[in-house]
Amino acid sequence: MSERALAGATWPKGFIWGSATAAAQVEGAAHEGGKEDSIWDAFARVSGAVHGGDNLEIADDHYHRMPSDVRLMRELGLDSYRFSTSWARVRPGDRAVNPDGLDFYSRLVDELLESGILPWLTLYHWDLPQTLEETGGWANRDTAFRFRDYAEDVYEALGDRVTHWTTFNEPFCSSLLGYASGVHAPGRQEPRAAVAAVHHQHLAHGLAVNTLRTLGAQNLGITLNLTNAIPRDAEDPVDLDAARRLDSLANRIFLEPLLLGIYPEDTLADLEPYGLGDIILPGDLETISAPIDFLGVNHYHDDLVSGHPDSAVGDSHSGGAERPTGSPWVGSEHITFPSRDLPRTAMDWEVNPDGLRALLVRLGAEYPALPPLYITENGAAYDDVVSADGTVHDTERTAFIRDHLASVAEAIEQGADVRGYFVWSLLDNFEWSYGYDKRFGIVRVDYDTLERTIKDSGLAYARLIQAAHSA
Ligand code: GBH
């Protein structure tokens, strides 16, 4: 689809155009303003955990450049900025509240509001205070209650100005990648702990939703990374079982407790040996399924999956780490991800825009009581080339965003209730275990000078927003 044709698409009234980042990935100032280690600061010191030995000390220096970054957002014409607060900055060591930490977010929120940009706040984008990991991290049920207290502190400071609250970003990653595959912090490879982490993050979400609701919050939600699990051979029972298992661990283990207050039967059965049944206490599922006002969907790629060994697995599941990592697919470690003939991004993720349409439509069909959807992340890493004059002609990323937006428009035509779209990411940033090696930004960051340059994709996105606003 051409840019012009897409600009002509009609978007629902009030559709929110945004872009997203996360605290650990952009802020830097990792040990300034009272902030102490998060699990990612500690993990980055583990040999081979992060590509190139990169760390989060400076990142994009957003902590110091925040006002000019907000000016950049204004230049792009964003309706909303999705960011996260760092628990390790707000409550360093999860002890007392750190006024300087809260003050940073308070200034950010003011700056956004003065610029007419809606703050879209996420409470947890993977950066647990390291002290809490030392008492068991998310494998420890108590961490859920600590999260509720932290959420309450942030709400008390910002609830007068922030209207949209997201509890967790992609619990899949902060449980199964953090505690089973070990690709993410804290880097543990303990399937039972990973299963406990899933449940305790659900519980933390529910506790926070109930508390924030009582304090007056009106727009509460969670963001999940969701995929379409496509069997390599839809006639082959082994491949069909693999697709069922992937759908269970990537999608339904999160969607069903949150939306329906149950764990799927097959998930419970598969994870029986890993203790899922034992850690669900009476009342938990009721807390977890407290009604939410929106569901954030992050989608990057579909997954073609097989139950047979496959030699063509790319490195898209190693997370760029140089140390040995395990499988996130607890109890289903045998599943494989064959390649198919599709273009790929620098992450080795396949590009298939129609997958986003299919996912959005399918969610509505499978969950009749689904709350409104927001695409809270979608975007692509490419190896950008900087021209002599400093411009970045990132045609592939521009096409990726345009084609995925066309796919969102189609989903809406087909009945999906999608109310906003946030490009990942505003800035090139710390791409977790890939370090600074992978660039997702619509704005380039020069890691020597920390200078920002809007890429062609950013300019194209700004034009799209303008066209949508004036339609
Ligand atoms: C998002 O994660 C994050 O929210 C964001 O912080 C990050 O920068 C961005 O995307 C780009 O990576 O092979 O086992 O990992 C997306 C994470 C990556 C989760 C692919 C699912 C496939 C399963 N997704 N992953 S696995």
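So, Asp-149: it's partly exposed, with a relative accessible area of 22%. By that I mean the band between buried, which is under 20% relative accessible area, and exposed, which is over 50%, using a 1.4 Å probe and protein chains only. Before I go on, this is a predicted model, where local features need pLDDT of at least 70 and side-chain atom pairs count only at pLDDT 80 or more, while totals for chains, interfaces and linings use all residues. Residues are numbered from 1 along each chain as its sequence is written, and side-chain values use heavy atoms, with hydrogens and water left out.

Okay, back to Asp-149. Which residue does Asp-149 form a salt bridge with at 3.6 Å? That's Arg-148, and the 3.6 Å is between the closest N and O atoms. When I say salt bridge, I mean a side-chain nitrogen of Lys or Arg within 4 Å of a carboxyl oxygen of Asp or Glu. Arg-148 is partly exposed as well, at 25% relative accessibility.

Next pair. Glu-190 bridges to Arg-188, with the closest N and O atoms 3.0 Å apart. Glu-190 comes out at 35% relative accessibility, so partly exposed again.

Then there's Lys-438 with Asp-437, a salt bridge at 3.4 Å, N to O. Here Lys-438 is buried, at 14% relative accessible area, whereas Asp-437 is partly exposed at 39%.

Through shared partners, Arg-91, Asp-94, Asp-142, Arg-146, Arg-148, Asp-149 and Asp-153 are joined into one network. And how many salt bridges turn up in a search of the whole structure? The count is 40.
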